[in-house]
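Here are a few notes to read with the model open beside you. Take them in any order you like.

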Amino acid sequence: MRFRNLAINLGAIAVFAAIALSLQFPKLNQRLSGQTLEDTRKGVRQEEARLKLIRQLPPRGLGFNNMIANFTFLQFLQYFGDDISRNNFQTGYSLSPLYFENIIDRDPRFLSSYIYMSASVSMFAGVPSQAIEIYTKGLRSLNPDLQPTAYNVWRYKATDHLLFLGDAKGARESYLKAAEWADRVKPTDKTIDNPKLVAEFSRQSAKWLEEDRDLSKAQIGAWSLVLQNAVDKKTVQIVAQELDKLGMKIEIKNGTPAIVPKHSSN
């Protein structure tokens, strides 16, 4: 009974993350906005090239890596807040994974960046599989004894596995790791969450996933959120492909995209 609304609750988490992002991201200088569509596209291409160049830079000292990660995060805030380009030229969020590949590569212990990555890469860019890859790489450098709240990263990963990919096995494994890491938090550590409660809830979520569950409704709900935030054709195409796997399709009703069963008639 306790878990009958788990899918709904997870959907609410995703919605909350999206709202949090929209509220927290400052509207900084609109660097990528140009006077014309071609100017803006050129700006996006140049930013993509710059991000790829940063990835190729050799590692330096810890302080240097942290500086690159912090600078890249600030650049990401500018990119994400560039509403002018998105509203006028439909630039989308396709560079989000590149930003976070650089951020997590250089500073995997930048814990507060993971929640932004979860929403921006999975929800806004519509590529949760890339978010999972970045989580996996970052988690290799995290230690629950040194970063007490690192269990949250496992929970973000579990949510992406479950909501977007319908991967119950991957979600269960991530929830169990979250519980294991939360158990290692010392009572003297001051954390925002109650680690014992996090451990208990994570284990309960993992147990719920032991049974064969139909996660399709949760997935459809998650992809509908991606569609609501999509401003470029590429993301809409990604959503359409994922919905097709779930037996759904996108229809335009009164000028607004809607998700309906594939077999429905107009």
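Which residues form one aromatic cluster? Start with that, and bear in mind that this is a predicted model.

1. The aromatic cluster. Its members are Phe 73, Phe 76, Tyr 79, Phe 80, Tyr 93, Tyr 99, Phe 100, Phe 110, Tyr 116 and Phe 124. If you search the whole structure, you get 13 aromatic pairs. Take Phe 76 and Phe 80: their ring centres are 5.7 Å apart and their planes sit at 50°, so this pair is tilted.

2. Where that pair sits. Phe 76 and Phe 80 both belong to helix α3 (residues 62–80), and they are 4 residues apart, about one turn of the helix. Phe 76 has a relative accessible area of 0%, so it counts as buried. Phe 80, at 6%, is buried too.

3. From the helix to a loop. Phe 80 also pairs with Tyr 93: the ring centres are 5.1 Å apart and the planes are at 40°, so we have a tilted pair here as well. Since Phe 80 is in α3 and Tyr 93 is in the loop between α4 (83–89) and α5, the pair ties together parts that are 13 residues apart in sequence. Both Phe 80 and Tyr 93 are buried.

4. In soluble globular proteins, nonpolar side chains tend to be buried together. Here the largest nonpolar core has 55 residues, and Phe 76 and Phe 100 touch the most other members. Apart from that core lies another one, of 8 residues, including Ala 158, Ala 171, Ala 206 and Leu 209.

5. The second largest pocket. How many residues line it? The count is 21, and Gln 90, Thr 91, Ser 94, Asp 232 and Lys 234 are the ones nearest the centre. Its volume is about 500 Å³. At least two lining residues come from each of α2 (37–56), α5 (96–106) and α12 (233–245). Of the contributors, α2 gives the most, with 5 residues. Sorted by class, the lining holds 9 nonpolar, 5 polar and 7 charged residues.

6. The hairpin. Have a look at strands β1 (residues 248–253) and β2 (residues 256–261): they run antiparallel and are joined by 6 bridges. Ile 252 stands opposite Pro 257 in β2. The two strands make a hairpin with 2 residues between them, and in the turn Asn 254 has a positive phi of about 55°.

How values were computed
Residues are numbered from 1 along each chain as its sequence is written. This is a predicted model: local features need pLDDT of at least 70, side-chain atom pairs count only at pLDDT 80 or more; totals for chains, interfaces and linings use all residues. Side-chain values use heavy atoms; hydrogens and water are left out. On a 1 Å grid over the protein atoms alone, a cavity is a set of points where a 1.4 Å probe fits but cannot get out, and a pocket is an open set with protein on both sides within 12 Å along at least five of seven lines; lining residues have an atom within 4 Å of a point. Grid points are joined across faces, edges and corners, and a volume is the space filled by probe spheres set on the points. Ala, Val, Leu, Ile, Met, Phe, Trp, Tyr, Cys and Pro count as nonpolar, Asp, Glu, Lys and Arg as charged, and the others, Gly among them, as polar. A nonpolar core is a set of buried Ala, Val, Leu, Ile, Met, Phe, Trp, Tyr and Cys residues joined through side-chain atoms within 4.5 Å. Buried means under 20% relative accessible area, exposed over 50%, partly exposed in between (1.4 Å probe, protein chains only). Two strands pair if DSSP finds at least two bridges between them. Rings of Phe, Tyr and Trp (its six-membered ring) pair if their centres lie within 6.5 Å; planes under 30 degrees apart count as stacked, over 60 as edge-to-face and the rest as tilted.
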